[in-house]
Amino acid sequence: MTTTLGRLQKVDLRDIWETEAQHFTPWLAQEGNLTILADTLNIDLEFEAREEYVGRFQADILCKNTVDGSHVLIENQLEKTDHKHLGQLLTYAAGLEAVTIVWIAARFTDEHRAALDWLNDITDDSISFFGLEIELWKIDDSPAAPKFNIISKPNDWTRSVSKAAKRMSENGLTEKGTSQQAFWEVFTQLYDDRGYSLRLQKRSKPHVTYAPVGRTGFRLAASIRAHKQCLTVELELLGDNAKPYFHLLHEDKAEIEQEVGAALEWKEMPESKTSRILLFKNNVDPLDESQWPYLQEWFLEKMTLFDKVFRERVRKLDADDWQPDGEKE
């Protein structure tokens, strides 16, 4: 049997976007198109503003990483990279304490790619630089489709190894910490092999890993609590509106726990800007490698379940909908 295949054709960027500011940037700022970029970067992005000032310069698009609330600044070019834009990126990095900088262009020169690689090598993990080339492709008469190609990115593996080595030399990494790191390395590989849609974030602590749940101020956390012989999966609520959001979710406690299929621990934590909703797996030994396949399957199942139960709920929350008991009409 003969199969007829279409012909893949590259489309000139200017055929679709005449200008960066009036056409490409507004297109990229749309939620569905930012999702394409987010999938490429493996960062959950929440749009904040276009043409946002950082010092004397305007970033094309300003977003937030929904897991940790850090800024993600996006700078666009519909031609090859130049020194002017590189200078603006450095200004942005200097103006913000924790930031991910994304430089999108039609083509990267070797010099500018090398510059981003060098910046990633000399900065700590509070600042990250990505270089992406944008392409458009179509098959025969189909609509053009965008494709982002990563040209330069942070070497998170090198950074994590360097940080681990520093901790070992300064403080001595405990046997427990080493085992926890190994647990998550195996878990991450299993997660990737299964093709799950959640975006696991790079870890700053050996006992916990995070994933976004679609909105700044909320994140999923999976934790190993070896000293208590348990695991937890939880929804963390962070920031000034954590308490109103917590109480609004608590109003649906019975429905949420029915969907999860288990009782949850609801921790308001009144003296903190954080609240937590937790599911426990007790009487386990996460340091026993023979238990890892079972425990990792539990994490996979429950993190996916929490995302399903909470993602749409947290997107719809409005802090103004909650009134403390004494203020209700």
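Predicted model: local features only at pLDDT ≥ 70, side-chain atom pairs only at ≥ 80, totals over all residues.

Biologist: Noted. How much space lies in the second largest pocket?

Modeller: The second largest pocket holds about 360 Å³ of space. It is lined by 20 residues, and the closest to its centre are Glu31, Thr35, Asp44, Leu45 and Arg315.

Biologist: Which elements give two or more residues to that lining?

Modeller: They are α3 (31-41), β2 (45-54) and α10 (292-316). Helix α3 gives the most, with five residues.

Biologist: And how does the lining of the second largest pocket split by class?

Modeller: There are eight charged, seven nonpolar and five polar residues in the lining.

Biologist: Now the aromatics. How many aromatic pairs does the count come to?

Modeller: The count comes to 14 aromatic pairs. One of them is Trp17 with Trp27, whose ring centres are 4.9 Å apart.

Biologist: Why is the pair of Trp17 and Trp27 called tilted?

Modeller: Their ring planes are at 50°. Planes under 30 degrees apart count as stacked and over 60 as edge-to-face, so the rest are tilted.

Biologist: Where do Trp17 and Trp27 lie?

Modeller: Trp17 is in the loop between α1 (13-16) and α2 (20-29), while Trp27 is in helix α2. The pair therefore ties together parts that are 10 residues apart in sequence.

Biologist: What about Phe183 and Trp184?

Modeller: Their ring centres are 5.1 Å apart and the planes are at 90°, so this pair is edge-to-face. Both residues are buried. Phe183 and Trp184 also belong to a cluster linked by ring pairs, together with Phe187, Trp292, Trp298 and Phe299.

Biologist: Which residue lies over the face of Tyr210?

Modeller: That is Arg219, at 3.8 Å from the ring centre.

Biologist: Changing topic: strands. In what sense do β6 and β7 pair?

Modeller: β6 (residues 127-139) and β7 (residues 145-152) pair in the antiparallel sense, over seven bridges. For example, Ile134 has Phe148 in β7 as its bridge partner. The two strands form a hairpin with five residues between them.

Biologist: Which residue in the turn has a positive phi?

Modeller: Asp140, with a phi of about 55°.

Biologist: Why point that out?

Modeller: Because most residues other than glycine have a negative phi. Asn42 also has a positive value, near 60°. Asn42 lies in the loop between α3 and β2, and is partly exposed, with a relative accessible area of 36%.

Biologist: And where is Met269?

Modeller: Met269 is in the loop between β11 (265-267) and β12 (274-282). Its phi is positive, about 55°, although Met269 is not a glycine. At 27% relative accessibility, Met269 counts as partly exposed.

Biologist: Last one. Where is Val314, and is Val314 buried or exposed?

Modeller: Val314 is in helix α10. It is buried, with a relative accessible area of 0%. Arg215 is 99 residues from Val314 along the chain, yet their C-alpha atoms are separated by 7.1 Å.

How values were computed: Residues numbered from 1 in each chain as written. Heavy atoms only, no water. 1 Å grid on protein atoms, 1.4 Å probe; cavity = no way out; pocket = protein on both sides within 12 Å on 5 of 7 lines; lining within 4 Å. Points joined across faces, edges and corners; volume = space filled by probe spheres on them. Helix = DSSP H or I, 4+ residues; strand = E, 2+ residues; numbered from the N terminus. Nonpolar A, V, L, I, M, F, W, Y, C, P; charged D, E, K, R; others polar. Phe/Tyr/Trp six-rings, centres within 6.5 Å; stacked < 30°, edge-to-face > 60°. Buried < 20%, exposed > 50% of the residue type's maximum accessible area, 1.4 Å probe, protein only. Lys NZ or Arg CZ within 6 Å of the ring centre and 35° of its normal. Pairing = 2+ DSSP bridges.
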